[in-house]
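Visitor: I would like to look at a fold and learn what stands behind each label. Could you walk me through it?

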Amino acid sequence: PHYMGDGRYRWEEQLTAEEARQMNALELARVVDSAKLRVNGRSAGTRAWAPWRWELRGLRPGRNVFELTVSSTAGNRLCLLWPRQDQGWLGRGWLWA
């Protein structure tokens, strides 16, 4: 009933040449507890608190692969503060130009 560990989200975005030039950030509504982002196989960085925003470099026309790894703490397993708290990527995500 209690999850602890890593969860991986993988998705693809098809971009035109203009979109690939213009898109410069990915922002997520909420993440519990920390997250690492890879874009097209390259690290975009790690975030441990809000804002959940990464600068994007190296987007290309066509297919772009995004991989987000969200890591939770032992708090959920041990029921330290919030029994059965939500985990992972929660809410929406936006690509910003």
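Guide: Gladly, and let us begin with strand pairing: two strands pair if DSSP finds at least two bridges between them. Strands themselves are DSSP runs of E with at least two residues, while helices are runs of H or I with at least four residues, and both are numbered from the N terminus. Please keep in mind that this is a predicted model, where local features need pLDDT of at least 70, side-chain atom pairs count only at pLDDT 80 or more, and totals for chains, interfaces and linings use all residues. Residues are numbered from 1 along each chain as its sequence is written, and side-chain values use heavy atoms, with hydrogens and water left out.

Visitor: What makes β3 and β4 a pair?

Guide: DSSP must find at least two bridges, and β3 and β4 have five, in the antiparallel sense, so they count as paired. In one example, Lys36 stands opposite Thr46 in β4.

Visitor: Which sheet do they belong to, and what makes a strand in it an edge strand?

Guide: An open sheet of four strands runs in the order β1-β6-β3-β4, with antiparallel pairing. β1 and β4 are its edge strands, as each pairs on one side only. The twist averages 20 degrees from one strand to the next; such angles run from 0 to 180 degrees between N-to-C directions, with axes as lines fitted to C-alpha atoms.

Visitor: How do you know that β2 pairs with β5 and with β7?

Guide: Count the bridges again: four join β2 to β5, and seven join β2 to β7 (residues 88-96). Both pairings are antiparallel. Leu26 faces Trp54 in β5, whereas Leu28 faces Gly93 and Val31 has Trp89 as its bridge partner in β7. Together they give an open sheet of three strands, β5-β2-β7, with β5 and β7 at the edges.

Visitor: How many helices and strands are there in the protein chain?

Guide: There are two helices and seven strands, following the pattern β-α-β-β-β-β-β-α-β along the sequence.

Visitor: Why is Asn40 called buried?

Guide: Buried means under 20% relative accessible area, exposed over 50%, and partly exposed in between (1.4 Å probe, protein chains only). Asn40 has 16% relative accessibility, so it counts as buried. Asn40 sits in the loop between β3 and β4 (42-47). Across the protein chain, buried residues make up 33% of the 97 residues.

Visitor: How do you know that the side chains of Asn40 and Asn64 make a polar contact?

Guide: A polar contact needs a pair of N or O atoms within 3.5 Å; within protein, one must be able to donate a hydrogen and the other to accept it, and residues adjacent in sequence count only if both atoms are side-chain atoms. The side chains of Asn40 and Asn64 are joined in this way at 2.8 Å.

Visitor: What is meant by a nonpolar core, and which residues have the most contacts inside the largest one?

Guide: A nonpolar core is a set of buried Ala, Val, Leu, Ile, Met, Phe, Trp, Tyr and Cys residues joined through side-chain atoms within 4.5 Å. The largest here has 17 residues, and Leu37, Leu59, Phe66 and Leu68 have the most contacts inside it. Elements giving two or more residues include β1 (6-15), β2 (25-32) and β6 (62-71). Contact means heavy atoms within 4.5 Å; not counting residues up to four places away in sequence, Phe66 touches, among others, Tyr9, Trp11, Leu26, Leu37 and Leu95.
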